[in-house]
Amino acid sequence: MKQITRICWLLLGIVFIFSGLVKLNDPIGTALKLEEYFEVFSKAFGSFFQVFIPHARTLSIFLSSLEVVLGVAVLLRWMLRQTLWVLLALLVFFGFLTFYSAAFNKVTDCGCFGDFIKLTPWTSFAKDMFLLLLWAVVFFNLRYLRRVFAKGTLGVMYITIASAVAIGIGVRALGHLPYFDFLPYKEGNDIGQLMKPQEAARYEYVMERNGESKTFTEYPTDSTWKYKSMNVLNPEKSKPLITDFSVFDADGKDYTGEVLKGNKLVLVVQDVQSADRDRYKDINSLLEAASKSRKRIESLVITSSSPGAFDAYRHDVNLGAPFYFADATVLKSMIRSNPGLILLQNGVVKGKYHYHDIPAIGDLEAKL
């Protein structure tokens, strides 16, 4: 039991640190997931949850940092009993979220491990129940964990450092792009190829005859077998990784194919209401330089705002590039910056830039 308790203690601390760091890698993605939960809860339990939506990014960094700090506190066994009570509150809260998502099919991905590991709602709930089991083993066997690795002032110092590091990681990622990009539009990916399935779908057929069920990899020609059900054997590889990338002009004419041809510098403006307006002197200079580049870089803008709202916005910031439209969710997946720049070469992502990190034209040409 002593060894089992120590293993559970170690796993509990490591999982919380890992979970928090993965979320801090992409705090905007975590905030988007929180906004999704708040929207669902506001419809199910009352409009009170709408209050939290404007503060989703702050809550994202706070909750993610709290996970890291609690994980560190567990591993140091610093105020372990009190730490475990806080962990229990978080686990019950997360357990409720994942159960609600699974039972009512409201949020199809909990974002427990960001975009690094995608979990189905029921898998997420099972993960929370497993963590509760670890918690119970540790809590009811604290007598085996009496040694504290950081007491008094030293413990406070370690926790303070852990808090500062965790918050710093999140704030840095918030003002730039994620340290590690796990999204389909990450640098090096070919968007056009990812819009196609990796391989043809393969099926198995469950047939029935005289009360007997049998599985076939090819549909039987024997008509005495009656069809019962069909399953896809390779659901992940037979479905494109990117299914919703579509770009069109104000008249609804499709422009997706053109975006994926040649050298393109795409300025993504997700929403003009929340888009930063202070960096357009540098952005416009870069777009102008791109149009004169020997690499023949064509500049364009993609937004999810309405034509009228974007027309007013582009005049306000003196933006002269042609503009097109796409789904808001797609643009948020493409880049965690509003506005943000994406460099494409025949549909391959060659570079992604936050508006705080606008590159020089020479940097773009070097990537092409």
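**Strand pairing, helix burial and salt bridges**

In strand β8, V349 is the bridge partner of L344. The model is predicted: local features need pLDDT of at least 70, side-chain atom pairs count only at pLDDT 80 or more, and totals for chains, interfaces and linings use all residues. Residues are numbered from 1 along each chain as its sequence is written, and side-chain values use heavy atoms, with hydrogens and water left out.

Helices (H or I, at least four residues) and strands (E, at least two) are DSSP runs, numbered from the N terminus. Two strands pair if DSSP finds at least two bridges between them. Strands β7 and β8 form a hairpin with 2 residues between them. In this turn, N346 has a positive phi of about 50°. Strand β7 also pairs with β4 (residues 263–269), again in the antiparallel sense and over 6 bridges. There, L267 stands opposite L341 of β7. Strand β7 (residues 340–345) is largely enclosed by the rest of the structure, because 5 of its 6 residues are buried. Buried means under 20% relative accessible area, exposed means over 50%, and partly exposed lies in between (1.4 Å probe, protein chains only).

An open sheet of 3 strands has the order β2-β1-β3, with antiparallel pairing. Strands β2 (212–216) and β3 (226–232) stand at the edges. Each has a single partner strand, so one side of each is left without a neighbour in the sheet. The twist averages 20° from one strand to the next. Axes are lines fitted to C-alpha atoms, for helices over the stretch in contact, and angles run from 0 to 180 degrees between N-to-C directions. Strand β1 (residues 203–209) pairs with β2 over 5 bridges. One of these links Y205 to F216 in β2.

Helix α5 (residues 121–139) has 19 residues. From first C-alpha to last, α5 reaches 27 Å, close to the 27 Å expected at 1.5 Å a residue. The expected span is 1.5 Å times one less than the number of residues. Buried residues of α5 include P121, F125, L131 and W135. Their cover includes α1 (2–25) and α4 (80–104).

Glutamate E67 lies in helix α3 (residues 56–76). At a relative accessible area of 3%, E67 is buried. Its neighbours in contact (heavy atoms within 4.5 Å) are F16, I17, S19, G20, K23 and F94, not counting residues up to four places away in sequence. The side chains of E67 and S19 make a polar contact at 2.8 Å. A polar contact is a pair of N or O atoms within 3.5 Å; within protein, one must be able to donate a hydrogen and the other to accept it, and residues adjacent in sequence count only if both atoms are side-chain atoms.

The whole structure holds 14 salt bridges, each a side-chain nitrogen of Lys or Arg within 4 Å of a carboxyl oxygen of Asp or Glu. K33 and E36 form one of them, with the closest N and O atoms 3.2 Å apart. Both lie in helix α2 (residues 27–44), 3 residues apart, about one turn of the helix. K33 is buried at 17%, whereas E36 is partly exposed at 30%. D128 and K127 meet in another salt bridge (2.9 Å, N to O). Both residues are buried. A further salt bridge joins E365 and R294 (3.8 Å, N to O). This pair links distant parts of the chain, 71 residues apart. E365 lies in helix α12 (residues 361–367), and R294 lies in the loop between α9 (280–291) and β5 (297–303). E365 counts as buried at 15% relative accessibility, but R294 is exposed at 65%.
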